[in-house]
Amino acid sequence: MGRGDTETRRGGRISPFTILAYVILTLWAVWALLPLFWMISTSFKEVRAAIKIPPEWIPADPTLINYERLFARAPAFRWFANSAIVAVAHTLSMLLFCSMAGYAFAKKEFPGKTAIFWTLLSTMMIPGMVLLVPLFLLVSKMGLMNNYGGLILPGLVGAFGVFLMKQFIGTLPNELLDAARIDGASEFGVYSRVILPLSKPALAVLGIFSFMGAWNDFLWPLLITQSKDMRTLAVGLATLQQESMTDFGLLMAGSTFAAVPMIIIFFAFQKHFLKGLTIGALKG
Amino acid sequence: MKRNSLINRIIRARWAYLFIAPAVLHFLVFNVYPIVSTVYLSFMRFNLQGNTFVGLQNYQIAMSDPIFWKSMANTALYAMVVVPVGIGIALFLSTLIFPLRASAQNFYKGAFYLPGIVSAVVVSMIWLWMFDSTHGLLNYLLSTVGLGPVTWLGESRTALPSLMFMAVAGGGGSAIILYLAAMGGIPPTLYEAARLDGASRWAEFRRITLPLLKPTTLYLAVMGTIGSFQVFTSIYMMTRGGPNYSTSTIVFSIYQTAFEFLKLGRASAMALILAVIIITISAIQFKWLGQEVEY
């Protein structure tokens with residue numbers, strides 16, 4: 001919808017302007033993807049090959065030694081599992097609670113609705129740093145330091161998710177809800193059998209962004225994990241970096257190990273990623 | 001009478017309250033309580049014996065600390081460069097992508113967006129490697145055109161610009177996608193009319209595209225500023241604020257104050273100052289860029 005697509009508007013011939021555009025865009029794409037390429041390339045080189053000048057763009061003698069060292073030195077699979085547990089918990093809980101709240105804010109009338117909704121939304125403007133010290137004290141008082149409870153609890157619901165779901169559910173026709181009620185569906189039935197199936201596009205977007213946010217989160221897990229085996233992948237990598245500053249082969253292997261799941265998810269859900277941004281931002 | 005009807009309305013809407021209850025409860029515990037608590041803590045000195053009320057002392061100490069001002073200046077400079085340059089590059093690339101055919105558009109969107117999904121920790125590690133002054137890729141690339149070597153993160157003079165360079169080089173993907181969506185929403189008839197009037201491409205861009213993209217630009221400016229004022233991970237991973245505080249940002253300084261020096265009250269005061277700054281800048285941006293965005 002609404003694409004420019006005027007590339008060939010001058011009688012099917014590609015203009016010099018278009019060729020120039022392709023050249024610039026391709027150069028920028030190469031530049032933008034260079035760090036990821038370099039990360040993967042370095043991760044398959046042994047120490048001397050990694051620091052060679054001029055560099056080998058593609059490892060002449062590829063090796064898995066960095067990955068072997070990574071798994072021997074650090075509980076990388078445990079970190080991976082921790083990240084996955086936190087990310088899955090956040091995703092599922094965001095999908096459930098944000099869609100529930102979004103449904104009520106979009107389709108129901110109740111005293112205090114506007115005030116509650118705008119208070120919720122206004123916290124999106126408050127920098128996370130303002131919450132950090134009290135959250136840290138709260139979580140340690142609750143005895144949740146260095147465990148999954150502390151990692152997971154603060155991120156179970158997000159104002160952005162409620163807003164996104166409210167915006168999307170607001171576009172669903174009321175007639176469908178009324179029809180379900182006439183058929184004798186309970187309030188929960190309307191939500192689970194009408195709202196949820198129809199909200200799949202928004203749920204996909206919310207799910208992807210929740211997962212990505214949790215997988216990549218750094219400051220919070222850095223603060224509340226203390227033992228080596230409770231770290232998430234991002235925090236684990238940071239500590240690995242402090243221990244082996246210039247061992248870039250090892251660090252790039254760790255980075256690749258952390259980045260590959262997100263890259264796979266990106267290619268699997270590319271359409272939702274690209275659409276999702278616009279659902280969240282512009283339908284305000 | 002009136003009160004009765006309010007209670008009735010609440011009872012009738014009980015399902016709605018049930019549906020919002022988990023989100024609202026979570027919000028009260030993990031958002032409202034911490035905000036209130038930060039304000040309280042900012043007036044307290046925190047130690048083993050308990051909290052003592054110290055009035056505005058935390059604010060005074062923070063404001064008279066040269067490192068606080070240095071961090072503030074670094075953060076402001078970082079945002080003032082990274083946000084406009086980032087938006088400029090995204091706008092430029094979007095105008096190049098927009099006329100292309102759909103498959104090419106999707107290819108470039110994917111290519112530009114992909115680097116943005118990788119975590120800041122990973123990005124920081126890669127750039128530490130690329131910035132490495134003896135074996136790094138960037139100095140090698142510079143040497144092939146007879147330039148450098150540059151010390152990048154190793155020197156006060158170049159460290160902050162290096163971090164800005166990294167921020168601008170990697171990002172842009174989501175801004176490009178938003179711009180392209182907004183460009184798709186501009187009625188083509190406007191361009192047709194302009195072309196009939198003999199307008200140049202540049203005039204089309206200045207008079208039609210740019211003004212109609214203003215809501216997107218506003219959104220990107222506000223979100224970009226909020227993000228830039230909270231840059232933390234790259235500082236923590238790459239420079240620890242150094243050398244000589246040249247890359248200390250406000251959020252990094254708050255982190256150090258709270259969790260390395262354990263001055264929780266002062267850190268809370270600093271966080272609130274940051275919040276006020278961010279909200280003020282957002283309000284100014286809304287006022288400044290938000291005029292005449294309706295069309």
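Where in chain B does Leu262(B) lie? Hold on to that question for a moment, everyone, and look at chain B with me. Leu262(B) sits in the loop between α14 (250-260) and α15 (264-289) of chain B. Please keep in mind that what we have here is a predicted model.

Let's stay with that residue. Leu262(B) has a phi near 55°, which is positive even though the residue is not a glycine. For background, most residues other than glycine have a negative phi. Is Leu262(B) buried or exposed? Leu262(B) counts as exposed, because it has 11 other C-beta atoms within 10 Å, and the cut-off for exposed is 12 or fewer.

There is another residue of this kind to look at, Trp152(B), with a positive phi of about 50° although it is not a glycine. You will find Trp152(B) in the loop between α7 (137-144) and α8 (156-170) of chain B. Trp152(B) is buried, because 24 other C-beta atoms lie within 10 Å, and a residue needs 20 or more to be called buried. So we have one exposed leucine, Leu262(B), and one buried tryptophan, Trp152(B).

Now let's step back to the whole of chain B. The secondary structure of chain B consists of 15 helices and 2 strands. Its radius of gyration is 24 Å, well over the 19 Å that the globule rule gives for 295 residues, so chain B is more spread out than a compact globule. Along the principal axes, the C-alpha trace of chain B spans about 70 × 70 × 30 Å. Of the 295 residues in chain B, 42% are buried. And if you take the contacts in chain B between residues at least 6 apart in sequence, 69% of them join residues at least 24 apart.

How is chain B divided? Chain B has domain 1 (2-59) and domain 2 (65-289). The C-alpha centres of these two domains of chain B are 34 Å apart. Where they touch, 9 residues of domain 1 of chain B are in contact with 7 residues of domain 2 of chain B. On the domain 1 side of that contact, α2 (14-41), β1 (44-47) and α3 (57-63) of chain B each supply at least two residues. By class, that side has 5 nonpolar, 3 polar and 1 charged.

Chain A is also divided into domains, namely domain 1 (16-63) and domain 2 (77-282). In chain A, the centres of the two domains, taken over C-alpha atoms, are separated by 33 Å. Their contact takes 8 residues from domain 1 of chain A and 6 residues from domain 2 of chain A. On the domain 1 side, α1(A) gives the most, with 4 residues.

What happens between the chains? Here 81 residues of chain B are in contact with 79 residues of chain A. α2(B) gives the most to chain B's side, with 18 residues. That side of chain B has 62 nonpolar, 16 polar and 3 charged residues.

Let me finish with confidence in chain A. The mean pLDDT of chain A is 86, and 92% of its residues reach 70 or more. Among the elements of chain A, helix α4 (residues 76-107) has the highest mean pLDDT (94), and helix α15 (residues 270-282) has the lowest (67). Over residues 1-5 of chain A, pLDDT stays under 50. Where pLDDT is low, the predicted coordinates should not be read in detail.

Technical notes:
Residues numbered from 1 in each chain as written. Chains lettered and ligands numbered in written order. Predicted model: local features only at pLDDT ≥ 70, side-chain atom pairs only at ≥ 80, totals over all residues. Domains from an automatic or database assignment. Contact = placed C-beta atoms within 7 Å. Nonpolar A, V, L, I, M, F, W, Y, C, P; charged D, E, K, R; others polar. pLDDT = per-residue confidence, 0-100. Rg over C-alpha atoms; globule rule 2.2 N^0.38 Å.
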